[in-house]
Amino acid sequence: MKKLLWIVAGYLNGSLLFAKYITKVLNKKDIVKDSEDKNPGTANAFMMGGAACGILVLCCELFKGFFPVYLFRQSFPDSALLSVIMIAPVLGHAFSIFHDFQGGKAIAVSFGVLLGLFPDMEAVWTLVVYYLLFSALRVSPHSKRSILTFLCFAATTAVRISNIYIVRGCIGISAIVIFKHIKMRNLPEESEANCLQKN
């Protein structure tokens with residue numbers, strides 16, 4: 001029962017769209033209505049709210065992925081439900097129960113989840129390497145870059161990581177992110193100036 005509550009809490013936590021809230025409070029802008037791609041993500045927070053707003057949103061998105069996973073592992077270190085708790089915040093961000101099951105593309109929160117696996121850092125470094133690789137190769141548009149990144153990430157973790165629960169979580173996260181990017185592929189790509197990645 002406690003594990004189930006952790007999963008529900010992770011999903012609800014993930015459903016908090018900080019880019020939407022913080023941009024609204026600090027800059028009086030609706031990031032979903034006013035942005036080109038309608039994505040309540042970190043990059044739009046940087047572009048519409050400025051550096052301070054973007055950094056605050058980025059930290060909140062990372063932390064909302066990090067804490068459920070990290071604290072769950074401390075309480076249940078060998079639980080088979082680790083994969084589910086990894087997926088829960090990402091699923092919440094992509095399909096927020098507080099916003100009619102609409103949400104963002106879930107990249108920043110995915111990084112937060114993988115950081116929550118500390119001290120097991122192979123998964124997060126794998127994702128970083130693929131993003132840097134496809135960025136260096138100038139793969140565009142951004143949606144294609146993200147889809148390729150998460151496809152390679154899922155395949156690599158399946159081969160290299162021995163913990164099957166982490167592998168399942170990585171594959172689940174990748175499936176959600178890829179689905180969201182495919183679903184939103186017909187919307188305009190946002191500018192990447194001064195932004196690291198979309199959320």
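Q: Is A106 buried or exposed in this predicted model?
A: A106 sits in the loop between α6 and α7, and it has a positive phi of about 75° although it is not a glycine. The cut-off for buried is under 20% relative accessible area. A106 comes in at 0% relative accessibility, so it counts as buried.

Q: Which class does F101 fall into: buried, partly exposed or exposed?
A: F101 is found in the loop between α6 (82–94) and α7, with a positive phi of about 60° although it isn't a glycine either. Buried means under 20% and exposed over 50%, with partly exposed in between. At a relative accessible area of 46%, F101 is therefore partly exposed.

Q: How far apart in space are D37 and F101, C-alpha to C-alpha?
A: D37 lies in the loop between α3 (31–34) and α4 (42–49), and it's buried, with a relative accessible area of 0%. D37 and F101 are 64 residues apart in sequence. In space, their C-alphas are separated by 17 Å.

Q: How much space lies in the second largest pocket?
A: Its lining includes K20, K38, H99, K180 and M184. By class, that lining has 4 nonpolar, 3 polar and 4 charged residues. The space in this pocket is about 160 Å³.

Key. Residues numbered from 1 in each chain as written. Predicted model: local features only at pLDDT ≥ 70, side-chain atom pairs only at ≥ 80, totals over all residues. Heavy atoms only, no water. 1 Å grid on protein atoms, 1.4 Å probe; cavity = no way out; pocket = protein on both sides within 12 Å on 5 of 7 lines; lining within 4 Å. Points joined across faces, edges and corners; volume = space filled by probe spheres on them. Nonpolar A, V, L, I, M, F, W, Y, C, P; charged D, E, K, R; others polar. Helix = DSSP H or I, 4+ residues; strand = E, 2+ residues; numbered from the N terminus. Buried < 20%, exposed > 50% of the residue type's maximum accessible area, 1.4 Å probe, protein only.
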